[in-house]
Amino acid sequence: MRDRLGRECLYVPSCRFGLYVALRRWCAPGGRVLMSPVNDDVIFFVVLAAGLRPVQAPLDSRDGSIDVSAVPEDVWGGLSCVLTTNLYGNPDPAPELRSRCDALGIPLIEDAAHAIGSAVGGRPVGGVGDAAVFSLSKHVGAGTGGFLAFDGSGLRDELGAMRDELLLPGRLRSELLHGLRPYAEAGVRGLRLVRAARAALRLLGQEERAGIRMPLRARELTEALRTAPGLDGFDPWVRVDMHDYRLRPGRTRLRRTERLLSGVGVRLDAHLAGTERLLATPWARRPAGPVQPLFRVPLLVADRDAAIAALARQRVTTGYLYDPPLDVYAGGGEFTDPSPSPGPAARFARHALPVDPCRAEQVIRILGASGARPVEWGESARGETGSRG
């Protein structure tokens, strides 16, 4: 990955853990972080755990990227960091954000979990900010691991020491479960027992969201804020769906991850081909720039719930939904500053249907047969200031 990005790379057990390390290294507690409201709620809690105040950014409703021009000047002046999302692999405008951050003297941190193969401004995503965090669970399919990318070998020892101090000892049970999980998943897919397997994972505490968002638990979160910065008090939120997010990895996990990472080029080619196919459908909005090998392609459908149900009937599950936006999810101003322009984010979150590009043909067939309608933008603009939970 150092060769791919042209930057130093440090292995971390998960992207969320790597993001916490980056925020602690580049941001003093008490600062304010501009971030996307259409994002995994785990990332929201990582920002809080680092002792920082989330500030929700206005978005471009076409692809969920940060709309730099819609951020008010008074918001810029109060920031201490900008955190990109690169949602589903669609790049945020990192060069423009970099310019803004440089003028303000604040860091730009890139969350590139979905964007291991994407590029912006002629550079790979993750090669523009002061630091970037990547996931090896997405395109690579390792189900674990990530890395922190940064400039300068002189930081490697410092960041490595921070990582090691925060890691928890590895557990044999976790290593065994990780080694067995791919075979179990292949078995339940072959037997068409996906729903039963997901139910079993929930019972074991390995899959904890009954809906799109995890419960906020405002009273407990207020108590946790008194412990920030620190991961321990926020562990009930940060660990959701990945209890080993800060465990020291063992040989089984590392060897499997290395093997899968060696094939990332083939995976990216498959994602690019599927993305091209999906962007040619009436449910997609083709970007102005080059097509990226998206992790998920956000089709924009008028009735997303009906589309999800049609896919589920053909055993195609839909994940990586981020609705409602974070300022609605954690509304009231106690835990976050709301977006100055919430409508586009609410509109995108309400209609985005993230599709695995490697299943493009199957999804196109199912949506076509179901009569799924693309979003008409005049229609979606009505009532855009709120979002369905």
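1. Start with Asp241, which is partly exposed at a relative accessible area of 27%. On this scale buried means under 20% relative accessible area, exposed means over 50%, and partly exposed is what lies in between (1.4 Å probe, protein chains only). Asp241 sits in the loop between H10 and helix H11 (251-261). Its phi is positive, about 65°, although Asp241 is not a glycine. For background, most residues other than glycine have a negative phi, and most peptide bonds are trans.

2. A word on what you're looking at. This is a predicted model, where local features need pLDDT of at least 70 and side-chain atom pairs count only at pLDDT 80 or more, while totals for chains, interfaces and linings use all residues. Residues are numbered from 1 along each chain as its sequence is written, and side-chain values use heavy atoms, with hydrogens and water left out. Helices (H or I, at least four residues) and strands (E, at least two) are DSSP runs, numbered from the N terminus.

3. The loop between H13 and H14 deserves a look. Tyr320 lies there, and it has a positive phi of about 60° although it is not a glycine. At 32% relative accessibility, Tyr320 counts as partly exposed.

4. Where else does a cis peptide bond turn up, with omega near 0°? Check the step from Ala228 to Pro229. Pro229 has its place in the loop between helix H9 (218-225) and helix H10 (235-238).

5. Now the aromatics. Rings of Phe, Tyr and Trp (its six-membered ring) pair if their centres lie within 6.5 Å; planes under 30 degrees apart count as stacked, over 60 as edge-to-face and the rest as tilted. By this rule there are seven aromatic pairs. Tyr88 and Tyr322 are stacked, because their ring centres are 6.1 Å apart and their planes at 15°. This pair links distant parts of the chain, 234 residues apart: Tyr88 is in the loop between strand E4 (81-84) and helix H5 (94-104), and Tyr322 in the loop between helix H13 (304-313) and helix H14 (326-329). Both Tyr88 and Tyr322 are buried. Elsewhere, ring pairs join Phe44, Phe45, Phe234, Trp237 and Tyr329 into a cluster.

6. The charged end of Arg25 is over the ring of Trp26, 5.0 Å from its centre. For Arg296 the ring is that of Phe295, with 4.2 Å to the centre.

7. On to the sheet. Seven strands form an open sheet in the order E1-E9-E8-E5-E4-E2-E3, with mixed pairing; two strands pair if DSSP finds at least two bridges between them. Strand E1 (8-12) and strand E3 (53-56) are the edge strands, each pairing on one side only. On average, neighbouring strands here are turned by 25° against each other, direction ignored.

8. Which strands does E4 run parallel to? One is strand E5 (residues 108-111), joined to E4 by three bridges; another is strand E2 (residues 32-35), joined by two. Leu83 stands opposite Ile109 in E5, Val82 has Leu108 as its bridge partner in E5, and Val33 stands opposite Cys81. Both faces of E4 are covered, with Cys81 and Leu83 buried on one side and Val82 and Thr84 on the other.

9. H5 packs on this sheet, touching E4 and E5, and its direction makes about 155° with that of E5. Contact means heavy atoms within 4.5 Å; axes are lines fitted to C-alpha atoms, for helices over the stretch in contact, and angles run from 0 to 180 degrees between N-to-C directions. Ala94, Leu97, Arg98 and Cys101 of H5 are buried. Seen down the axis, the buried residues of H5 fall within an arc of 105°, so they line one face of the helix; the arc is that of the directions from the helix axis to the C-beta atoms. Their cover includes helix H4 (73-77), E4, E5 and strand E6 (119-120). Just after H5, Gly105 takes a positive phi of about 70°.

10. Last, Thr281, in the loop between helix H12 (264-279) and strand E10 (297-300). Is Thr281 buried or exposed? Thr281 is buried, with a relative accessible area of 7%. Setting aside its neighbours within four places in sequence, Thr281 is in contact with Leu299 and Ile364.

How values were computed. A charge sits over a ring if NZ of Lys or CZ of Arg is within 6 Å of the ring centre and within 35 degrees of the ring normal.
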